[in-house]
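Please look over the sequence and the model shown here before reading on.

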Amino acid sequence: MESRNDTHVSDFLLMKVTEDPELQSLLFSLFLSMYLVTILGNLLIILAVSSDSHLHTPMYFFLSNLSFTDICLSTTTIPKMLVNIQAQSQSITYAGCLTQICFILVFASLESLLAVMAYDRYVAVCHPLRYTVIMKPCLCSLLILLPLFIIIVDALVHSLMVLQLTFCTDVEIPLFFCEVVQVIKLACSDTLINNILIYFATSVFGGIPLCGIIFSYTQIVSSVLRMPSVGRKYKAFSTCGSHLSVVSLFYGTGLGVYISSAFTNSSRNTAVLSMMYTVVPQMMNPFIYSLRNRDMKGALRKLISRTSLL
C-alpha cells in the first residue's frame, strides 16, 4: 500500500453520521439540542455555585469544576460534527484532528474528578468532625491542579507521538470525531510505543480513579452500617446519592461502549455509542445534581429569580 509522511496528510475523513439525507436535519436538531442542554445545564451549575455563599464548600467546588469539564468535553466533539452534518462534509484537517485528540484526552481524563469527589464524600461521612481540617482550600486546589498538570503533559506526549507517525492513503476514521486509538490504527509506521503509552495512560487515568472510587465507597458503606441511627444512615447515604448516580452513568456508558466494540462488527454502532459517551453523561449530570440535591435546587431558584428581576 502506498504510504506518505504525516506532513503531507492534509485531511482525515470522519464517519458520516447518516447515509439518509432525510435524517440529516433531524440528527442535526437532536445533537444541537443535546449540546445546548449540556452547555446551559452545566453553566447553571457553575453560576449557582459561584453566586451562593452556602455552596462555597469543597463538594460544590469539585462539582463546578466537573461541570466546566463536561462543557469543554462536549464542545470538543459536538460542534465539529454539527458543522460536518450541515456542510455535508466529513473532512477534518490534520491540525484540527491533532487538536481534537489532545483536548479529548485532557477533558476525558479530567472526568477523574469523580474520584476526587468520592474522596470528599469519604471524608465527609467517615471523618465528619475533621472534614474542615482535612479538606482545606489548598488541598482542594491541589487535587484539581496536580491531576490537570499530569493529564496535560500526557495529552501533549500522545499528540507529539502521533506527529511522528507515517500515514497510508486510507485516512478514514471510523468515528464521528478524532480519537487517538483510531488515528494510530491508520498509521503505516511502527506504533508499538504509541500503543504502550495508551495502555499505560488507560491504566493510570482509568484504573486509579476507579480504584479510588471503589475504596471510598467501601469505607463509606462500612462506616454507615456501623451507625446506630436509621436517620443518620439515611442522611449519610443521601449525601452520596447524586455522586453515585453520576459515577454509575459515566462508567456504565463507558462499559456499554467497550462491550459493544468487543462483541459487534458494526463500526457505526460503536461510533454512535462513542459519541453518546461524550454527550449523555455530560448532559445528565446537571439534572442529577439539581433534582437530587436540595441545596442545589435552592441555589438554582435564587439564581433564576435574580436573573428574572434584571
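Helix α2 passes helix α4 in a left-handed crossing, where left-handed describes a near helix turned anticlockwise from the far one by less than a right angle, and right-handed one turned clockwise. The model is a predicted one, in which local features need pLDDT of at least 70 and side-chain atom pairs count only at pLDDT 80 or more, while totals for chains, interfaces and linings use all residues. Residues are numbered from 1 along each chain as its sequence is written, and side-chain values use heavy atoms, with hydrogens and water left out.

The helices and strands named here are DSSP runs (H or I of at least four residues for helices, E of at least two for strands), numbered from the N terminus. The axes of α2 (residues 58–87) and α4 (residues 113–126) come within 10 Å and cross at roughly 170 degrees, which makes α2 roughly antiparallel to α4. Such axes are lines fitted to C-alpha atoms, for helices over the stretch in contact, and the angles run from 0 to 180 degrees between N-to-C directions; under 35 degrees counts as roughly parallel, over 145 as roughly antiparallel, 65 to 115 as roughly perpendicular and the rest as oblique. On the α2 side the residues that meet α4 include Pro58, Phe62 and Leu66, and their partners in α4 include Leu113, Met117 and Arg121, where contact means heavy atoms within 4.5 Å. Sorted by class, the contact of α2 with α4 has nine nonpolar, two polar and two charged residues; Ala, Val, Leu, Ile, Met, Phe, Trp, Tyr, Cys and Pro count as nonpolar, Asp, Glu, Lys and Arg as charged, and the others, Gly among them, as polar.

A second pair is formed by α3 and α6, which pack at an angle of about 150 degrees with their axes 9 Å apart, so that α3 is roughly antiparallel to α6. Here α3 passes α6 in a right-handed crossing. The contact draws on residues of α3 including Tyr94, Leu98 and Leu105, and on residues of α6 including Ile151, Ala155 and Val162; by class it has 11 nonpolar, three polar and no charged residues.

In soluble globular proteins, nonpolar side chains tend to be buried together. In this model the largest nonpolar core has 47 residues, and Phe12, Cys97, Ile101, Phe167, Ile173 and Val183 are those with the most contacts inside it. A nonpolar core is a set of buried Ala, Val, Leu, Ile, Met, Phe, Trp, Tyr and Cys residues joined through side-chain atoms within 4.5 Å, and buried means under 20% relative accessible area, with exposed over 50% and partly exposed in between (1.4 Å probe, protein chains only). Among the elements that give two or more residues to this core are β2 (11–14), α1 (21–51), α6 (137–163) and α10, while α3 gives the most, with nine residues. Apart from this core lies another, of 39 residues, among them Val49, Leu55, Leu63 and Ile134.

Ser74 lies in α2 and is buried, with a relative accessible area of 0%; leaving aside neighbours within four places in sequence, Ser74 is in contact with Tyr35, Thr38, Pro79, Thr278 and Gln282. Ser274, placed in α10 (residues 267–277), is buried as well, with a relative accessible area of 12%, and, with neighbours within four places again left aside, is in contact with Leu175, Phe177 and Val257. Leu47 in α1, by contrast, counts as partly exposed at 38% relative accessibility.
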